[in-house]
Amino acid sequence: MERKSGVLMHITSLYGDYSIGSFGKSAKEFVDFLSECKFSYWQVLPFCMADDCNSPYQSYSTFAGNPYFVDLEVLKEKGIITEDELKEQKQEQPYSVEYVKLYHTRLDFLKKASKRVKYTAEIEKFIENNSYLKQFCEFMAYKYANDNKPWQQWDDRDYDEEINFMWKFIQYEFFTQWAEIKKYANSKGVKIIGDVPIYVSLDSADVWANKEQFLLDEKNIPLCVAGVPPDYFCEDGQMWGNPLYNWDKMKENGYKWWADRIGHMTTFFDGVRIDHFRGLESYWAVPYGEKTAKNGKWEKGPGIGLINTINSFAGDKLIIAEDLGEITPQVEQLVKKSGYPGIRVFQFGFLGDYDNPHMPHNYNTNCVAYTGTHDNNTLLGYLWELDDDNKRRMLEYCNYHSPDWEKGFDSILRTIFASSAGLVILPIQDLLGYGSDTRLNIPGKADGNWQFRITKEQMNLVDKDKFKRLNELYKRC
């Protein structure tokens, strides 16, 4: 694996004037920032629509894009919205995503824009060439016609062609705008790492159009749902609620749905992280109707058969195995067989003894090392909350001996950059040295997540020379 480094920041966290980050000039400016710091990778979270709790890990489609990422200034340049209409979409404040405003205004605004486009033939051709996006647009049109109820409760109603076309327009703009951003990033020597949630939402085009691929009963209710057992993050485990795959059925047609999914993802990313990779070896199945994930059990996953299919469609793209959680020797063996780099998280390194794989001296060249992931506290927040004994041990490990522990931040960064890890990834909050109030997600907490944004002024406060020097000094560029 190449010895490189990168930054984790979701599109939602980009600065801008319209309530959420988008595929506009701020995305290109962020690429410029990465290039100046000599970072080689930009890692993002899933690009699909978020759920009611704003999580991108539950969506109406794993193939379709989030309409909020469509850049409004690009639409103005195309002449399909006016300057006055653009001003009406201005945000009230720049420091967090304005989900409530977006929910109540953005789709109506995009619907208005869709009625003015002159390039309808291009849009129709684009959708016809992607059957999964076509399914999604129809799903959303039917959903609108059925008062946004889950698809199991739909009546036999015709959908409104205007709504169907609105979603076609949104997907066309989403993918064409993103293609421009990716092309620009690659021209600057920056590669993009996407994210593949292992599961999909029950109320989604994925399940609606592919029912036989999931473990459902005759009423299309899941037999069991996904989750994880009690762990470091949550003593009751996490009840995700996603329908589980019918792996036997998927195997019959060579895992075609997964093959199409990976092929789709690798067309617009330079690599992907497979979320909850251990679920491919064995997964936690919770009986439908349980209130917590405690009463689940492990079931065997598809294993190397699916991995071989993924490899045949991913080509030479980087695939990262998110091998966190309850890891068994069988999971370790599957990661090894796959050849994918696993994940190491510095914040987990001091929870046990010196054999802990998350301690930097145990990193190997085929791993991706993070100060923390999107589910962790920020590095500074972690330091604040760490007990005194472990804090002292951790800072001594990083060759920092002063009692003024707040100044030990850079020693931690140097330790990670100097490690053997092939790729080092820092969340944007850790470049800024921000505390726990800027945390992106707290697993198991329904409200208040996924809102963090930076401003352009904040990004300009990052010591670019420091990170450029770290990348040069430790041969990561």
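This is a predicted model: local features need pLDDT of at least 70, side-chain atom pairs count only at pLDDT 80 or more; totals for chains, interfaces and linings use all residues.

Residues are numbered from 1 along each chain as its sequence is written, and side-chain values use heavy atoms, with hydrogens and water left out.

Let me begin with the charged pairs. The structure holds 30 salt bridges, a salt bridge being a side-chain nitrogen of Lys or Arg within 4 Å of a carboxyl oxygen of Asp or Glu. One of them joins the side chains of Lys456 and Glu29, at 3.6 Å from N to O, and this pair links distant parts of the chain, with Lys456 in helix 17 and Glu29 in helix 1, 427 residues apart. Helices here are DSSP runs of H or I with at least four residues, strands are runs of E with at least two, and both are numbered from the N terminus. Lys456 is partly exposed at 36% relative accessible area, and Glu29 is also partly exposed, at 25%; buried means under 20%, exposed over 50%, and partly exposed in between, with a 1.4 Å probe and protein chains only.

Which residues does Glu85 pair with? Glu85 forms a salt bridge with Lys112, the closest N and O atoms being 4.0 Å apart, and another with Arg116, at 2.7 Å. Glu85 is buried, at 10%, whereas Lys112 is partly exposed at 38% and Arg116 is partly exposed at 32%.

Now to the cavities. The structure holds six cavities of 30 Å³ or more, where a cavity is a set of points, on a 1 Å grid over the protein atoms alone, at which a 1.4 Å probe fits but cannot get out, and lining residues have an atom within 4 Å of a point. Grid points are joined across faces, edges and corners, and a volume is the space filled by probe spheres set on the points.

The largest cavity has a volume of about 140 Å³ and is lined by 18 residues, with Thr373, His374, Pro427, Gln429 and Leu440 nearest its centre. Helix 16 gives the most to that lining, with three residues.

The second largest cavity holds about 90 Å³ of space, and among the 16 residues lining it, Phe47, Cys48, Thr62, Asp195 and Met265 are closest to its centre.

Methods
On a 1 Å grid over the protein atoms alone, a cavity is a set of points where a 1.4 Å probe fits but cannot get out, and a pocket is an open set with protein on both sides within 12 Å along at least five of seven lines; lining residues have an atom within 4 Å of a point.
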